[in-house]
Amino acid sequence: MFNLYNSAKSIFNIDRAETFKTIPVVRKMAGATLAVVVEKLNDFAPENLAEKWDNVGLLIEPYTKRNISKILLTNDLTENVMSEALARSSDMIISYHPPIFAPLKRITQKSWKERIVSICLENKIALYSPHTSWDSVTNGVNDWLASALPLASAQPVLENLSNPSFGAGRICVVQGEITLGAAVDRIKAYTKLKDIKLAIAVNRNIESPIRTFAVCAGSGINVLKGVKADLYITGEMFHHDVLDANHQNIHVILLNHSNSERGYLPIFRQILLNMLKEYQGIQIDLSEQDIDPLQTY
């Protein structure tokens, strides 16, 4: 007959230590791996969309691996922005312009770019730059800039060979019709700039109608030159190229180089948050120290 009390399997003979053994809790670390963040960035704007001369992608990968939970977005990685990244305990900086462009033969403390690289390495901060891949992609920098005016249509000025919806610059048709003066007001409001530079075309005036316009964030002349439009919008152009455009009955609006790009960062912040929403504890900040070096006094 089975003896409940003498059985080694008796429920009353269960090892009390086993009963109250602590079950280990597996806690997920906040953030995502650097590889995951880079993969998401490439899903949005593949590095092969960048211009051949550009230097894009992951520029600094710390030796010690750690999850990325604090990301700082900036247009330019200056020393002031670098100090801000340290104060924010950023794990990663996404700088639209690549701080490493010309080859570095050494990393010392003699130049500001070398100091930035050494600080990133010492503090295990990853650095990524998208630059012209963001210019080319749909819903990137140039599409943001083109949306300053009411759009009926927009397409790349220089189409990407593998995907014609990607490419440099945008040639746009205005929805309806606006005057040059109204376009100026809209662009200032959209970019949140107090002032912009306007070169009015020869034999035209501030009330001239704008039916077509072309944009190129940054320095636009290599993309815009020869494009037929009523208005060019870009960051900067050489003096004589502005005169040439004006004599072809094309108005020119210059925003300053980085001012034609920086306003896209809040848009991308939301895009990146959505791409990383499955990962807990990720914080994406916009730099408060990132400004255009040219200021009006």
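Some ground rules. Residues are numbered from 1 along each chain as its sequence is written. The model is predicted, so local features need pLDDT of at least 70, side-chain atom pairs count only at pLDDT 80 or more, totals for chains, interfaces and linings use all residues, and side-chain values use heavy atoms, without hydrogens or water.

Start with the sheet. It is open, has six strands, and runs β5-β8-β10-β11-β12-β9 with mixed pairing. Strands are DSSP runs of E, at least two residues; helices are runs of H or I, at least four; both are numbered from the N terminus. Two strands pair if DSSP finds at least two bridges between them.

Which strands stand at the edges? They are β5 (151–155) and β9 (197–199). Each has a single partner strand, so one side of each has no neighbour in the sheet.

Now look at β11 (231–236) and β12 (251–254). They pair in the parallel sense over four bridges. Y232 stands opposite V252 in β12.

Next, the helices. α7 (180–191) lies across β8, β9, β10, β11 and β12, at about 115° to β8. α9 (239–246) lies across β9, β11 and β12, at about 145° to β12. Contact means heavy atoms within 4.5 Å. Axes are lines fitted to C-alpha atoms, for helices over the stretch in contact, and angles run from 0 to 180 degrees between N-to-C directions.

Last, the lining of the largest pocket. β10 gives the largest share, four residues.
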